[in-house]
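Q: I have a model open and want to learn how to read it. Can you take me through it feature by feature?

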Amino acid sequence: MNKPAKIISILILSASVMAGCGNQGTTDSSPEGKAPAAPESVEASQAIILQSLDEIKWDEVKDPLIEDGMITKLKAAIAAFVSKDLDQFHAALSPTVKTEYDYLLDQPVKFTSIAKAVKENGRILIPVVGERLNKEEGDSPDKRYTFYFDKDKDGTWQIVSID
């Protein structure tokens, strides 16, 4: 079974279990006798789904070109992709980028790994590999974004481009 099918199966199973556990022992069938759905369980389910879209083993990224500050920015950008949080996405990018790459958040991707970084003209290019979730006919299921890091005037690495 492929990953999206597993995720859907888990969600259906979770919903069934939660529905089966609700209101046990009560005989009142009136609407006012029912407890509202717990928002914590809904939020927890959403967190599990979002977490499953970032399968990168961050603690295993050992590339001599990738510094801790880059990993922090990259994690934030990937988390923003997964949660589709524009504010978080903008915060992870260089202030000079603005809204140039907002459209990328509309493309659902499950991120799976970090490929070998490359140094190019003083910049560090970090490829992030994933799987396209909305597979359209003719499209490759593989997705790869390259994050371009450059130092700002203070010497801090910033994401300046995504390809």
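Q: This is a predicted model. Is Glu55 buried, partly exposed or exposed?
A: Start from the relative accessible area. Glu55 has 28%, so it is partly exposed.

Q: Which residue forms a salt bridge with Glu55?
A: Look for a Lys or Arg nitrogen within 4 Å of a carboxyl oxygen. For Glu55 the partner is Lys110, with the closest N and O atoms 4.0 Å apart.

Q: Is Lys110 buried or exposed?
A: Lys110 has a relative accessible area of 1%, so it is buried. Lys110 also forms a salt bridge with Glu131, and here the closest N and O atoms are 3.3 Å apart. That pair links distant parts of the chain: Lys110 in strand 1 and Glu131 in strand 3, 21 residues apart. Glu131 is partly exposed, at 28% relative accessibility.

Q: Now nonpolar side chains. Which residues touch the most other members of the largest nonpolar core?
A: In soluble globular proteins, nonpolar side chains tend to be buried together. Here the largest nonpolar core has 32 residues, and Phe111, Ile126, Phe147, Phe149 and Ile162 touch the most other members.

Q: Which elements give two or more residues to this core?
A: They are helix 3 (68–83), helix 4 (86–92), strand 1 (109–114), strand 3 (123–132), strand 4 and strand 5. Helix 3 provides the largest share, eight residues.

Q: What does Ile126 touch?
A: Set aside residues up to four places away in sequence, then list the rest. For Ile126 these are Ile66, Met70, Leu74, Ile114, Ala117, Tyr145, Thr146, Phe147 and Phe149. Two of those contacts, Phe147 and Phe149, are also named among the core residues that touch the most other members.

Q: Next, strands. How many bridges join strand 4 to strand 5?
A: Five, and strand 4 (residues 142–151) and strand 5 run antiparallel. Lys151 stands opposite Trp157 in strand 5. The hairpin has five residues between the strands, and in it Gly155 takes a positive phi near 85°.

Q: Why is strand 5 described as largely enclosed?
A: In a regular strand the side chains alternate between the two faces of the sheet. In strand 5 (residues 157–162), five of the six residues are buried, so the strand is largely enclosed by the rest of the structure.

Q: Which side chains make a polar contact with the side chain of Gln158?
A: One is Lys73, at 3.3 Å. Another is Asp152, also at 3.3 Å. Beyond four places in sequence, Gln158 touches several residues, including Leu93, Ser94, Pro95 and Tyr148.

Q: Where is Lys119, and is it buried or exposed?
A: Lys119 is found in strand 2 (residues 118–120). Its relative accessible area is 58%, so Lys119 is exposed. Lys119 touches Leu65 and Ile124, leaving out residues up to four places away. Lys119 and Leu65 are 54 residues apart in sequence and 7.5 Å apart in space, C-alpha to C-alpha.

Q: Last, confidence. Which elements have the lowest and highest mean pLDDT?
A: Where pLDDT is low, the predicted coordinates should not be read in detail. Helix 2 has the lowest mean, 48, and strand 2 the highest, 97. The chain averages 78, and 65% of the residues score at least 70.

Q: Where does pLDDT stay under 50?
A: One stretch is residues 23–31, for which the model has four contacts beyond four places in sequence. Another is residues 41–51, with five such contacts.

Conventions:
Residues numbered from 1 in each chain as written. Predicted model: local features only at pLDDT ≥ 70, side-chain atom pairs only at ≥ 80, totals over all residues. Heavy atoms only, no water. Buried < 20%, exposed > 50% of the residue type's maximum accessible area, 1.4 Å probe, protein only. Helix = DSSP H or I, 4+ residues; strand = E, 2+ residues; numbered from the N terminus. Pairing = 2+ DSSP bridges. Contact = heavy atoms within 4.5 Å. Core = buried A, V, L, I, M, F, W, Y, C linked by side-chain atoms within 4.5 Å. Salt bridge = Lys/Arg side-chain N within 4 Å of Asp/Glu carboxyl O. Polar contact = N/O pair within 3.5 Å; in protein donor to acceptor, adjacent residues only side chain to side chain. pLDDT = per-residue confidence, 0-100.
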